[in-house]
Amino acid sequence: MSNLFDLLVAGLATGAIYALVAVGFTLLWQTSQTINFAQGEFVMLPAFLMLAVMHVGAPFWLAIILGILLSMILLGLAFKMLLVDPMMRHGVLPLAIATMALAIGIKEAVKQFFSAEASPFPSIVPTGDISVLGHAISLQSIGVLVVAILAVVGLTTLLNRTSLGHQMQAAAQNPTVARIIGVPVERMILLTFLINAFLVALASLLITPIYLAKFSSGEVLGQAAFIAAIVGGFNQVRGAIAGGLLIGVLDNLAASYVSTQYRAAVPLLVLIIVILFRPQGLLGRAEERTV
Amino acid sequence: MTGFAKPLKIALGLAVIAALIVVPMNFNRYGLFILSQWAVMTIAAMGLNLTLGYAGQVSLAQGAFVGIGAYAAAIMTTHGWPLPAAIAVAIVLSFAVGWVLGYPALRVQHHYLAFVTLAFSTLAFLVFRNESWLTGGIYGISNIPRPHIFGIATNKPLPFYYVCLGSLAIVSLAVWWLIRSPWGRAFIALRENPLRAQSLGVDTRRYTLMAFAIGSALGGVAGALYAPLTQYIDPVPFNLSLSLDLLMMVIVGGAGFYLGPFLGAMIAVLLPEWLRFTEGYYLMLYAIAVMLLLIWSPTGILGILDRYMAARRTKAASALRAVAKSRLETAQ
């Protein structure tokens with residue numbers, strides 16, 4: 001039983017990270033119909049940016065701040081202005097394929113300019129275990145959960161409780177009407193790209209101490225985030241959160257109850273089943289079909 | 001491409017075919033390997049072009065079908081079966097699996113479909129890796145024999161290159177016929193407006209499944225040639241990146257253009273060789289080139305050509321109209 005409890009906690013911790021990445025993914029889809037196939041690489045890159053800043057001699061806290069800022073410039077601003085804006089009028093598919101090329105580009109750039117080997121990455125929470133109700137839980141899992149929950153609560157508060165958040169939602173749901181009632185739609189879209197960049201940088205900060213910084217680690221992460229976003233509901237922030245947690249837990253349970261060889265198959269099968277029977281996702285709403 | 005006169009087009013095509021036969025005769029082993037790889041990848045990309053370019057169904061699983069074909073060929077030929085039999089099995093197997101994979105496409109479209117096929121691609125990779133009793137697991141299958149065609153051994157690179165080129169020629173003719181047949185028309189109708197196609201009596205269910213199955217079968221053919229080409233296969237080449245690469249080949253060449261896959265595969269297979277002097281940077285440059293191309297022309301390289309031709313035709317047509325109009329005016 002204690003094994004199950006440990007698995008659940010570890011699963012929720014990884015799931016919370018997947019949720020952060022998946023939320024960013026759905027935000028981009030909602031505001032600009034961008035399917036970002038480079039989302040996994042977006043999580044991989046900030047850790048290397050932080051390592052680069054530390055390599056110059058900056059302390060860890062400064063590296064975190066600069067790393068997040070750099071990510072927001074590169075993965076938010078530059079990504080939107082240089083790739084998404086010129087491609088948006090061409091439709092969903094060419095843009096999706098351009099992000100696949102971007103994924104290759106980021107991976108190769110990291111491999112060339114940093115290293116092809118995995119590098120260790122410092123953790124923001126001290127390692128070690130604490131005892132809760134007779135169970136030893138790693139501080140890292142708790143730290144990850146706390147930071148991820150804070151980020152998600154902060155984001156939902158922003159989206160649902162502030163005027164800025166309402167403007168963002170309006171821009172996502174109906175850009176034409178939003179523009180008429182005076183919402184600066186372009187600025188709102190840019191804001192979602194910046195938020196996405198912030199979320200992936202945060203996810204990078206949380207997950208890299210666990211899995212090490214490696215140029216290829218984005219593939220697994222990206223796929224987990226896609227699956228989370230679709231299983232939960234592509235067009236709902238809370239869907240992406242639920243999907244992330246679900247996939248994280250499933251992944252950890254599958255690792256010990258299903259064969260380790262087919263561990264990775266479990267989330268994929270869940271994905272296929274959800275798409276076939278509830279394509280809008282567990283918490284999503286159906287999108288109308290245009291004729 | 002319609003801007004050229006027909007005899008010129010035929011002459012150009014014959015010249016390219018002759019060059020593909022004659023020029024590689026004094027290529028070294030590596031050059032022939034690369035060209036053979038181009039032929040094999042073109043076959044796989046042509047299959048995806050049918051599914052994506054003509055029928056409009058996004059598939060991220062073409063690499064998995066290349067894998068299925070490759071494993072079918074590797075397992076059968078190492079057990080003494082002739083390659084043509086293995087190719088037949090690869091076609092049937094990929095066709096059947098592709099047909100089943102098409103079912104989700106009846107329910108969901110676009111990005112959802114992309115993710116279903118993406119999941120399938122990863123599942124297929126897991127099967128290749130884990131079912132070692134069949135596939136040799138991570139150690140793969142080695143010593144895959146090359147066939148005897150009409151009693152001629154094709155162990156050497158040049159004869160096997162001709163096997164690949166010949167297969168490419170057969171597939172090209174088949175696809176050429178297919179897209180001009182009523183089936184091809186139905187595929188395009190499916191892409192342009194599925195609802196209207198249905199209301200005109202096109203059985204969209206059957207054609208969607210067909211588009212998937214035929215496209216996948218061509219992936220299987222490519223795989224069945226890939227196995228004897230490399231003579232050793234393991235799961236790694238058939239992971240998701242191959243599917244993404246094939247998708248990029250189709251888009252970069254020009255989805256929905258007959259010659260698109262030839263061009264796309266040429267760029268994806270040969271460009272890295274030409275960029276070899278840049279050492280580790282070539283994939284980065286390739287990625288940047290693809291992004292710039294897509295920004296410039298989302299319909300790929302042939303899209304640029306097509307627009308240029310269209311512009312020239314309109315110009316020619318309006319010139320003719322002007323002449324006709326002035327004649328009319330003088331006649332009055």
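A: Of the 332 residues of chain B, 46% count as buried, where buried means that 20 or more other C-beta atoms, placed from the backbone, lie within 10 Å of the residue's own. This is a predicted model, in which local features need pLDDT of at least 70 and side-chain atom pairs count only at pLDDT 80 or more, while totals for chains, interfaces and linings use all residues. Residues are numbered from 1 along each chain as its sequence is written, and chains are lettered from A and ligands numbered from 1 in the order in which they are written.

Q: What radius of gyration does chain B have, and why does it agree with a compact globule?
A: Chain B has 22 Å, which agrees because a compact globule of 332 residues would have a value near 20 Å; the radius is taken over C-alpha atoms, and the globule rule is 2.2 Å times the number of residues to the power 0.38.

Q: How many helices and strands are in chain B?
A: Chain B has 14 helices and two strands, counted as DSSP runs (helices H or I, at least four residues; strands E, at least two) numbered from the N terminus.

Q: Switching topic, how many residues of chain A are in contact with chain B?
A: In chain A, 31 residues are in contact with 30 residues of chain B, contact meaning C-beta atoms, placed from the backbone, within 7 Å.

Q: And which helix gives the most to that side of chain A?
A: That is α4(A), with 13 residues.

Definitions and conventions. A residue is buried if 20 or more other C-beta atoms lie within 10 Å of its own, exposed if 12 or fewer, and partly exposed in between; C-beta atoms are placed from the backbone. Two residues are in contact if their C-beta atoms, placed from the backbone, lie within 7 Å.
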